[in-house]
Amino acid sequence: MPFSFLNTVMSWFLKKRIHQIELFKKYPIEVQNETLMSLLNSAKNTEFGEKYDFKSIKNYKEFTNRIPITNYENFYPLIERSIKGEQNIFWNEQIKWFAQSSGTTNSKSKFIPVSSETLDKCHFQGGKDALCLYINNNVNSNLFSGKSLRLGGSRKLYENNNNYFGDLSAILIDNLPIWAEMISTPNNQISLIDKWDEKINAVIKNTINENVTSLAGVPSWMLTLLNNVLYETKKTNINEVWPNLEVYFHGGVNFSPYRQEFNKIFSNNVNYYETYNASEGFFALQDSNDSNELLLMLDYGIFYEFIEMNYYGTPDEKAINLSQVKTGINYVMIISTNSGLWRYKIGDTVKFTSTFPFRIKISGRTKNFINAFGEELIIENAETALEKTLSINKLNIVEYTAAPYFMKGKSSGFHQWLIEFKTPPKDLNKFKKDLDINLQNTNTDYKAKRFKNITMSEIEIIVARKNQFYDWLKEKKKLGGQNKIPRLCNDRKLIEELLTYS
């Protein structure tokens, strides 16, 4: 099939979805209520559904009164039984795929159940909608005249007891519909290569002569790939390699610290589109050009609840549904899904920027913060301050992490940052002071604790050597895919380990 014809057909097919997206934007609460009742009805005869008498639940209030909020550790005994082959425990269809989480540095992996319904109506629908929204906003797009270069996980699927385990990206690649395979590169065999160094070389060899029109992957690893592409091809700009490249779909980490680096290796006509998905589901998408907001997708078989971060873990903690959220408040996200996760704390925090339609920004992780001295520094604060400081000093970074440093005796503690710069600052002291001031301007609690150095002293910055983070990830067998460095840690375990690689 000629690619020009394919571009016309695919664009027409995907744009048919716009009407349904407009529908849930117009009637969000009704769609979410329907989703909740549909989930309860599907699972009413499961062991979990019978335990909590799903058949008799008629509304959201009964749902919250009946079913406790849970986390992975508490839900795992049920997942473990499912892994061993038991069925109809928490979802009514067979669960045979388990996404092995690899986004954290914890050596103990999580195994997230993934049903066929979640694959089709959530993950693959999210991928299709990302394309749909992009081409709807860019009427002259020729996205499907070429191929999408996907940079997924490096862990192959492995089988045990008729169940399959691996990175979510490996599960998705193994189940890709034919149309998606036709417009993707590299091939599945290369996409699932386990060793990152070998994979990079194979991807480059397999794709540099393709007509690549889009990219998809985590920014840190995509940047590594693209820099290697430039090195191998002796080009100065990625558009010299792929002249028809028009969009980069990114997610997994905050894009802001990487934007300048991508701008340097792209020409001005490449668009950036953000996606928000995880092993547990596909949640939100950028739905307009040049936006930093994400449209919450309400018809993927996920029911959303939220807890104000200020009350999280306290006696005043209370979950609310979408009808009660407000803009500008930091919320912990709770989900119930069509893979049988019920009132499950995913660990992410979000802020609503709009409630008609419901648009969000990802603000951080419930475990990714520093609050050692009452400063309550979250990812959103850190990324905003860092981006401003990098811009002022005309610098770019490769990786970073930060942790508290506890002083002994009467000395006050401080935050210690380990940063790998693309090019180290000529005046590190100025950069340090700029960052500290920007952190104070971004976070009033941090500023209060910094007052006269009584509670906290000025930050310390340690300049990481080249590839220090990379070498740590390689040692941990976490190169590539969805793996990423936690930006903020409330203890010193990670940073102390990283410092041994200096």
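Modeller: The second largest pocket has a volume of about 610 Å³. A pocket here is an open set of points on a 1 Å grid over the protein atoms alone, where a 1.4 Å probe fits, with protein on both sides within 12 Å along at least five of seven lines. Points are joined across faces, edges and corners, and the volume is the space filled by probe spheres set on them.

This is a predicted model: local features need pLDDT of at least 70, side-chain atom pairs count only at pLDDT 80 or more, and totals for chains, interfaces and linings use all residues. Residues are numbered from 1 along each chain as its sequence is written, and side-chain values use heavy atoms, leaving out hydrogens and water.

Now the lining. It has 23 residues, each with an atom within 4 Å of a point. Nearest the centre lie Thr224, Val398, Glu420, Lys466 and Asn467. Two or more residues each come from helices H12 (219-233), H14 (256-265) and H18 (468-475), and from strands E19 (397-405) and E20 (414-421). Helices (H or I, at least four residues) and strands (E, at least two) are DSSP runs, numbered from the N terminus. H12 gives the largest share, 6 residues.

By type, the lining holds 12 nonpolar, 5 polar and 6 charged residues. Nonpolar covers Ala, Val, Leu, Ile, Met, Phe, Trp, Tyr, Cys and Pro; charged covers Asp, Glu, Lys and Arg; the others, Gly among them, are polar.
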